[in-house]
Amino acid sequence: MMGAFVAWYLLQYLGLGYWPALLVAPIVIGLFGVALERLLLKRLYGLDHLYGLLLTFGLALIIQGLFRNRFGSSGLPYAIPSQLAGGHNLGFMFLPNYRGWVIVFSLAVCLGTWYVIERTKLGSYLRAATENPALVQAFGVNVPRMITLTYGFGVALAALAGVLAAPIYQVNPLMGADLIIVVFAVVVIGGMGSIMGSIVTGFLLGIVEGLTKVFYPEASNTVIFVVMALVLLVRPAGLFGRAP
Amino acid sequence: MPDAGLPLLAVRGLNTWYGESHVLHGVDFDVHAGEVVTLLGRNGAGKTTTLKSIMGMVSRRAGSVRLEGIELIGWPSNRIARLGIAICPEERGIFASLNVEENLLLPPQVRPGGLGVSAIFDLFPNLGERLRSQGTKLSGGEQQMLAIGRILRTGARLLLLDEPTEGLAPVIVQQIGATIRRLKAEGFTILLVEQNFRFAATVADRHYVMEHGRVVDVVANEALEASMDRLHAYLGV
Ligand SMILES: Nc1ncnc2c1ncn2[C@@H]1O[C@H](COP(=O)(O)OP(=O)(O)OP(=O)(O)O)[C@@H](O)[C@H]1O
Ligand SMILES: [Mg+2]
């Protein structure tokens, strides 16, 4: 949501369009995330995860409230970049070019993230630190700094998604909140801690939801949770999760 | 015993707490460069806590830990590691989400002069054959070899080994003993925690005995036979 607003601000006040926003908004919001982690979240690491959840949820409500107060909740328009206007008829359906771009670009970002985490040295630090941060730090890795940067990177990815979504959903203070429950379902179905699980589940659920919208629109909001319940009954750790 | 000059590691009045519970009550001992020194003691005496305190892995500690005269108390563990100390933890700490090769290459090089990967495979041939396996799929002995092998690459000169023989078959214990003697010959300095002092006697120069969070005695390895009764009393074996 903030990513989308940064894109909107950039256009409104600096005349920077979609393409620069795709780069600038994640950087700005990523830095905001770094500051948030350094100043607030860091203090909660010794405590139960619930505190971190409460803090971030509270912050999200506050930030969302501030934006609503300033912009209302009706949404500001954000135009599709001219290069991606129009669409193609694929025979069985009409695909707007912009949506095609979002699919391709987000797949590339997802696979890039997967590659870094699963196949690089940095990724092995991240995986190891998820299991046993104290030991990784005792090997000489500055784990606190790595956590800060990883958090910043995650926040930047969310901002990137916000910019990608802006031309589709309009720029709206609630655009993030509407998604969060679905995101939660995607992570749980995919399996906690499995990047590939989240990628595959995200795209599959998008298709399932889309098809439901066509064939049985009344269920399109609930289908994801039905899927989640079924998957958890059969595989409690999620589709790609390692059994605990 | 190379007792001349400044010790490589000097621990003085080391106190450590876990939350409210005060576990180390003034630990004192020295380790000189090139020595293999053991910490012996019953369960709960504070041996593991001593290693973790040297490494900076506990949240509250006081007293003095000096490496070549540099005071380490108050430093975070990543900076302590960069001075050339490495730990092989009691629970081995092999990462399940990393394969054997990634586990082996995980600890960053902190100084020049570490063993090459091929030298590590010479010491532990089993590891070379299982590079793609998940780290925790190895047998207990292989995991111990991996936990030792990965810190030999880093260039650390002082190795903290926490009960490397615990729960392993005699033939593997022998292999680990041979490895420790070879590392000593190559100039590594080793602080070894052991419960099994018969094993310790085959590798070490000196033994410190810990009880209730203090060092209560020291026995040179040559004097070990003569001190058996005393040791039996300390260790309750
Ligand atoms: N994380 C912890 N939190 C609280 N107390 C702890 C913790 N770890 C150890 N202790 C306590 O500190 C004391 C010393 O434990 P430590 O693990 O250092 O002993 P040890 O000599 O290594 O024993 P062992 O031979 O069983 O490994 C014990 O009384 C133990 O119960
Ligand atoms: Mg112990």
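Where in chain B does B:Glu163 lie? In this predicted model, B:Glu163 is found in the loop between β7 (158-162) and α7 (170-185) of chain B. The legends below begin with that residue and then turn to other close-up views.

Figure 1. Most residues other than glycine have a negative phi. B:Glu163 has a relative accessible area of 5%, and because buried means under 20%, B:Glu163 is buried.

**Figure 2. A:Gln170, a residue of chain A with a positive phi.** A:Gln170 is located in the loop between α7 (143-169) and α8 (175-190) of chain A. Its phi is near 70°, and A:Gln170 is a residue other than glycine. Is A:Gln170 buried or partly exposed? With a relative accessible area of 34%, A:Gln170 is partly exposed.

**Figure 3. The aromatic pair of A:Tyr9 and A:Phe71.** Over all chains, the structure holds 12 aromatic pairs. In the pair shown here, the ring centres of A:Tyr9 and A:Phe71 are 6.0 Å apart and the ring planes stand at 80°, so the pair is edge-to-face. A:Tyr9 belongs to helix α1 (residues 2-14) of chain A and A:Phe71 to helix α3 (residues 49-71) of chain A, so the pair ties together parts that are 62 residues apart in sequence. A:Tyr9 counts as partly exposed, at 31% relative accessibility, whereas A:Phe71 counts as buried, at 13%.

**Figure 4. The aromatic pair of B:Phe29 and B:Tyr208.** Here the two rings lie 5.4 Å centre to centre, with 50° between the planes, and the pair is tilted. B:Phe29 is part of strand β2 (residues 21-31) of chain B, and B:Tyr208 is part of strand β9 (residues 206-211) of chain B; the pair therefore ties together parts that are 179 residues apart in sequence. B:Phe29 counts as buried at 2% relative accessibility, and B:Tyr208 counts as buried at 8%.

**Figure 5. An aromatic cluster in chain A.** Which residues do ring pairs link into a cluster? The cluster consists of A:Phe5, A:Trp8, A:Tyr9, A:Tyr13, A:Phe67 and A:Phe71. Among them are A:Tyr9 and A:Phe71, the two residues of the edge-to-face pair.

**Figure 6. A:Cys110 in helix α4 of chain A.** Helix α4 covers residues 97-119 and includes A:Cys110. A:Cys110 has a relative accessible area of 23%, so it is partly exposed. A:Cys110 and A:Ser198 are 88 residues apart along the chain, and their C-alpha atoms are separated by 9.2 Å.

**Figure 7. Chain B, the setting of B:Glu163, B:Phe29 and B:Tyr208.** The secondary structure of chain B comprises 9 helices and 10 strands. Its radius of gyration is 17 Å, close to the 18 Å that the globule rule gives for 237 residues, so chain B is as compact as a globular protein of that length. The C-alpha trace of chain B spans about 45 × 40 × 35 Å along its principal axes. Of the 237 residues in chain B, 55% are buried. Among contacts in chain B between residues at least 6 apart in sequence, 69% join residues at least 24 apart. The accessible surface of chain B is about 9,500 Å², and 51% of that surface belongs to carbon and sulfur atoms. Chain B carries 24 positive and 25 negative side chains, and the centres of the two sets are 5 Å apart.

Conventions
Residues are numbered from 1 along each chain as its sequence is written. Chains are lettered from A and ligands numbered from 1 in the order in which they are written. Side-chain values use heavy atoms; hydrogens and water are left out. Helices (H or I, at least four residues) and strands (E, at least two) are DSSP runs, numbered from the N terminus. The radius of gyration is taken over C-alpha atoms; the globule rule is 2.2 Å times the number of residues to the power 0.38. Buried means under 20% relative accessible area, exposed over 50%, partly exposed in between (1.4 Å probe, protein chains only). Contact means heavy atoms within 4.5 Å. Accessible areas come from the Shrake-Rupley method with a 1.4 Å probe; for residues, only the protein chains shown count as cover. Lys and Arg count as positive and Asp and Glu as negative; His and the chain ends are not counted. The place of a charge is taken as NZ of Lys, CZ of Arg, CG of Asp or CD of Glu. Rings of Phe, Tyr and Trp (its six-membered ring) pair if their centres lie within 6.5 Å; planes under 30 degrees apart count as stacked, over 60 as edge-to-face and the rest as tilted.
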